[in-house]
Amino acid sequence: MSNKDLLGRRNFIKGFGAAAGVAIAAPALAVSEKADGVKWDKEVEVLIIGSGFAGLAAAIEATRKGAKDVHIFEKMSYFGGNSAINGGLFAAPGTPMQKEEGVKDSVETMVADQLASGRGIADEALLRHVAEHAVEALQMTLDAGSEYHPYLQQLGGHSVARTYQTTVSCGAGITQPLLHECRKLGVHTHNRAKFEGFLVGDKGEVVGVKMRDNYHFGEDQPGKVTNIRATRGVIMATGGFAQNVDLRMAQDPTLTSEVGCTNAPGATGEGMYEMFRLGAIPVHLAHIQSGPWASPDEGGFGYVSNYSIYNFPHSMAVNRLTGKRFMNEIADRKTRADAELNCRDEKGNALPPILITSYKDSKKHPNTKKVIKYNVGWKFDSVEELAKHFDVPLAPLKAQITEYNEYVKTGNDKQFGKNMTKAKDKYIEAPFTVVRLWPKVHYCQGGVQVNTNAEVKDSFTGKSIPGLYAAGEVCGGIHGVSRLGSCSIPECMVMGMTAARSMMKA
Ligand SMILES: Cc1cc2nc3c(=O)[nH]c(=O)nc-3n(C[C@H](O)[C@H](O)[C@H](O)COP(=O)(O)OP(=O)(O)OC[C@H]3O[C@@H](n4cnc5c(N)ncnc54)[C@H](O)[C@@H]3O)c2cc1C
């Protein structure tokens, strides 16, 4: 298929403007200052903090819009943040692949799915803005050289299949081409450069930042702090805070350092907190999402997460105490994570449930071999063998498999109302592949409030803070209670592009 021109150019840019649980101490407190009398060490045109999807898309778009001197500053030694280690799953409505697969979809349907998962507190205007421009963002990745599997996936909470995935099943399949594109366009990229605070003009406008050079994450900080002036403004694309145990426990005391986390170590949130200090409005900070597809048998995102995301639609999740299903395997993430956390033994101890898939169907995913090879998933030739291994009562398990296969046959899940479209003809039969499931801290729905121009509102004046834009996971409120899988990449990229367009128009 022609994966390369999703937009037919006609939509491009049109319509813009309408608007392992590492315990890390709280970041050193940064302080914003008045720029009055400050000695500037350097001057740049567009200053972007953070090198994930949001920062990279912002840099490319700013350049396309005419900026000549664009700089990305990244505190880590490597570029890409959470974006580089992510699953490479990218949702967009109205794509050519949907046409080929006969999937009917629209901006309205995608927004409706996200509003349902957001449980009444998502930001509809932002969701619509992102959905309307998602194909443009996908096109930006294709133009830069990203490659996607030639099939769509239907992730939990999505009413149709609308998710592309990079052929490397990883976000690096997007960040690497975008970084390469940035450099081709002359964007300056700086690593080991940590944002420490804003420099603010007389009218409260952001005119520059304080940046620490030669920063070494997690070590004493020998680097020098420089004052960098940004003539057009600053885009904050510093990501979420899931790795900052103090900050996440301040929102939800149950998210201790014992709870596994899928994020890159740099997701510590100081950029967000510095924007709050400036007056930005905090939204939904306590809504911290756990990924229901994670495994307790490996660190971080590992191999199992992508394996189970792919396999959930045609698999059965079973409580080991009862031998019965306990959830809709493709419900939204919060519904599933909560259901998994309820799987306990008689004493109330955690009893990670199992995901049972027919080996013949599971093996289509590239991670299946690795899951088995690294002993984070297992292959069984019979249900007896499987039941014995996981100490599951055999008779109820056998009955459950028979019952579930009836749902596959009729297309009607009488137990949990699962959408069985992608389970068609995929009966649960031996040999089986099985993984264990247990949620891990994954994504921060909360952050600073932005509008559809990616401007950051000042809680004191009620107006946008001049010279300041934010995009990506550092922003809050877009998704409400629970973000749907594969909806962060389009959000980060569209809002990064939006921030750049707003800045170039200001
Ligand atoms: C393992 C994993 C798998 C995922 N899979 C998917 C998926 O398949 N599809 C999907 O849609 N979403 C997925 N997500 C969510 C998604 O990847 C993130 O929400 C997204 O990458 C955030 O992008 P970002 O640009 O906002 O931030 P990031 O990619 O996290 O980038 C922020 C960057 O800012 C840097 N930074 C932070 N503070 C400072 C500072 N003070 N100074 C300088 N630099 C700073 C960080 O080091 C980091 O590099 C996944 C997340 C994880 C962790």
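Mentor: The centres of domain 1 and domain 2, taken over C-alpha atoms, are 33 Å apart. Domain 1 covers 3-289 + 442-505 and domain 2 covers 293-438, with bounds from an automatic or database domain assignment. The model is predicted, so local features need pLDDT of at least 70 and side-chain atom pairs count only at pLDDT 80 or more, while totals for chains, interfaces and linings use all residues. Residues are numbered from 1 along each chain as its sequence is written, and side-chain values use heavy atoms, with hydrogens and water left out.

The contact (heavy atoms within 4.5 Å) takes 28 residues from domain 1 and 18 residues from domain 2. Between them the two domains bury about 1700 Å², 54% of it on carbon and sulfur atoms; buried area is the accessible area (1.4 Å probe) that two parts lose on being put together, summed over both. On the side of domain 1, Arg119, Gln154 and Thr262 lose the most area to domain 2, together 27% of what that side buries.

Arg119 also takes part in a salt bridge: its side chain meets that of Asp332 at 3.3 Å, N to O. The term requires a side-chain nitrogen of Lys or Arg within 4 Å of a carboxyl oxygen of Asp or Glu, and the count between domain 1 and domain 2 is 1.
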